[in-house]
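The exercises below ask you to read a structure step by step. Try each task on your own before turning to its solution.

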Amino acid sequence: KYSIQKKYIVHIGTLQEGFIQFAKPEEKQEFSRFPTKTGRRSLSRSISQSSTDSYSSAASYTDSSDDETSPREKGQVNSKGNSDFCVKNIKQAEFGRREIDIAEQDMSALMSLRKRAQSEKPLAGAKVVGCTHITAQTAVLVETLVALGAQCRWTACNIYSTQNEVAAALAELGVAVFAWKGESEDDFWWCIDRCVNMEGWQPNMILDDGGDLTHWIYKKYPSVFKKARGIVEESVTGVHRLYQLSKAGKLCVPAMNVNDSVTKQKFDNLYCCRESILDGLKRTTDIMFGGKQVVVCGYGEVGKGCCTALKALGAVVYVTEIDPICALQACMDGFRVMKLNEVIRQVDMVITCTGNKNVVTREQLDNMKNGCIVCNMGHSNTEIDVASLRTPELTWERVRSQVDHIIWPDGKRIVLLAEGRLLNLSCSTVPSFVLSITATTQALALIELYNAPEGRYKQDVYLLPKKMDEYVASLHLLNFDAHLTELTDEQAKYMGLNKNGPFKPNYYRY
């Protein structure tokens with residue numbers, strides 16, 4: 001038996017064949033409460049090394065950078081001597097490649113599509129210009145398009161959502177990418193223009209998220225716009241813009257509304273936001289949700305996902321709505337439907353999910369309680385009237401990456417996340433699996449529009465064919481080892497269906 005000394009004595013043992021073998025008395029070692037200087041140095045080196053070698057995508061959302069020089073002022077080349085790109089630091093390409101490899105592991109359906117269609121090259125000759133969030137998941141999509149034969153030039157649809165190391169990895173691959181985290185407004189439009197305006201290269205396909213790229217080409221390069229073979233759009237805001245163009249008779253190219261396809265709206269908008277809303281809020285504010293009063297503006301698919309997640313963690317959730325059908329759904333799901341002004345003074349958090357503008361006004365911001373958290377989960381950065389907060393009487397205090405305290409003269413402060421831009425992609429990550437569904441849908445939409453015979457699609461906005469929606473879903477069922485029931489001939493005849501689908505009419509609401 002060993003007596004306990006004043007200094008703690010630890011007996012080191014090894015695990016052999018399921019039994020702990022204790023060290024012999026003469027082998028006992030003493031450890032002081034605190035590490036020695038040598039020990040502290042080793043620990044420091046270990047932490048530093050593990051940080052730089054980290055595979056975690058959380059590293060993408062720090063503000064660490066090698067310098068403050070604008071990427072536009074740097075002359076960078078990749079390992080092949082190519083300089084047709086503009087990213088934060090091309091030297092981060094290896095780290096970005098690891099991020100992409102991780103994303104591929106949970107995007108098996110998109111990888112399956114790549115493998116199946118790679119030999120056929122259905123996008124051979126396609127020149128795709130894209131404006132989306134540049135994340136590891138987007139990179140998997142871009143590389144899939146390249147594998148299917150497309151040439152790609154890419155930029156970011158959001159100034160805060162770019163993963164710098166992923167952009168570097170794409171540039172190293174040879175994709176002309178123009179994006180970095182923290183672009184200015186001028187940088188944003190400069191990057192879009194550099195993607196489109198390339199001597200000897202003219203895009204014939206547009207993949208957009210928000211409509212900014214489409215708007216820029218329509219306004220500044222009308223000849224390019226007219227010669228495009230198709231547009232694929234995946235956001236509420238961008239789709240709204242397309243329908244406006246169509247209604248005015250100014251849409252001279254067929255467009256695919258991916259946002260309202262079932263596999264985008266019901267999965268990306270609902271399930272992705274259900275998980276990523278909590279991730280974004282936790283990373284930025286460390287808030288505990290239990291008992292907090294939250295108002296969610298908008299009860300579409302994004303709002304439904306946010307409300308479900310917040311309610312599950314014990315938050316008291318209010319909903320604002322303009323649509324009586326969505327409002328009734330919120331009521332039936334157990335949420336109080338209120339006007340924003342009725343709850344603005346008492347809530348701890350305001351989340352916008354509408355895609356509209358001035359959903360939260362300066363007057364409402366003035367009436368919020370001290371410490372209220374304000375953020376946006378809709379695509380557009382116009383939902384919160386952030387511009388009205390940039391006045392001399394208010395003080396902006398950056399307290400953390402993408403977290404600002406806006407301080408009123410009386411000392412009241414609100415917590416504004418990502419300057420009113422998209423919370424989840426600006427402040428956290430999103431699930432690769434759900435984005436695989438959206439990315440597969442986008443790839444199929446591009447293939448469909450690019451290969452469609454003349455006359456199939458007119459100068460209008462179309463929904464993705466339901467058969468394609470079902471195909472995308474079926475590819476992802478393999479991840480769950482799910483087995484579909486097959487109709488008998490008698491059952492198919494009774495229902496008036498083809499045994500191979502589509503299984504629901506176009507008017508069916510899932």
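This is a predicted model: local features need pLDDT of at least 70, side-chain atom pairs count only at pLDDT 80 or more; totals for chains, interfaces and linings use all residues.

**Exercise 1.** Which residues does T352 touch, not counting residues up to four places away in sequence?

*Solution.* Residues are numbered from 1 along each chain as its sequence is written, and side-chain values use heavy atoms, with hydrogens and water left out.

With contact taken as heavy atoms within 4.5 Å, T352 touches C297, V359, V360, C375, N376, M377, G378, E383 and I384, leaving out residues up to four places away in sequence. Finally, T352 counts as buried because its relative accessibility is 0%; buried means under 20% relative accessible area, exposed over 50%, and partly exposed in between, with a 1.4 Å probe and protein chains only.

**Exercise 2.** Describe how strand 15 is placed between its partners.

*Solution.* Take strand 14 to begin with: four bridges join strand 14 to strand 15, and the two run parallel, where strands pair if DSSP finds at least two bridges between them. In this pairing I351 stands opposite C375. Then turn to strand 18 (residues 413-417), which is parallel to strand 15 and joined to it by two bridges, with V374 opposite L416. Last, look at the side chains of strand 15 (residues 373-376): I373 and C375 point one way, V374 and N376 the other way, and all are buried.

**Exercise 3.** Where does N424 lie, and what joins its side chain to that of S276?

*Solution.* N424 is one of the positions at which UniProt, in an unreviewed entry, places the feature "binding site"; such annotations may be inferred rather than shown by experiment. N424 belongs to helix 15, residues 423-427, and it counts as buried because its relative accessible area is 4%. Beyond residues up to four places away in sequence, N424 touches C273, S276, M377, T429 and V430. The side chains of N424 and S276 are joined by a polar contact of 2.9 Å, a term for a pair of N or O atoms within 3.5 Å, of which, within protein, one must be able to donate a hydrogen and the other to accept it, while residues adjacent in sequence count only if both atoms are side-chain atoms.
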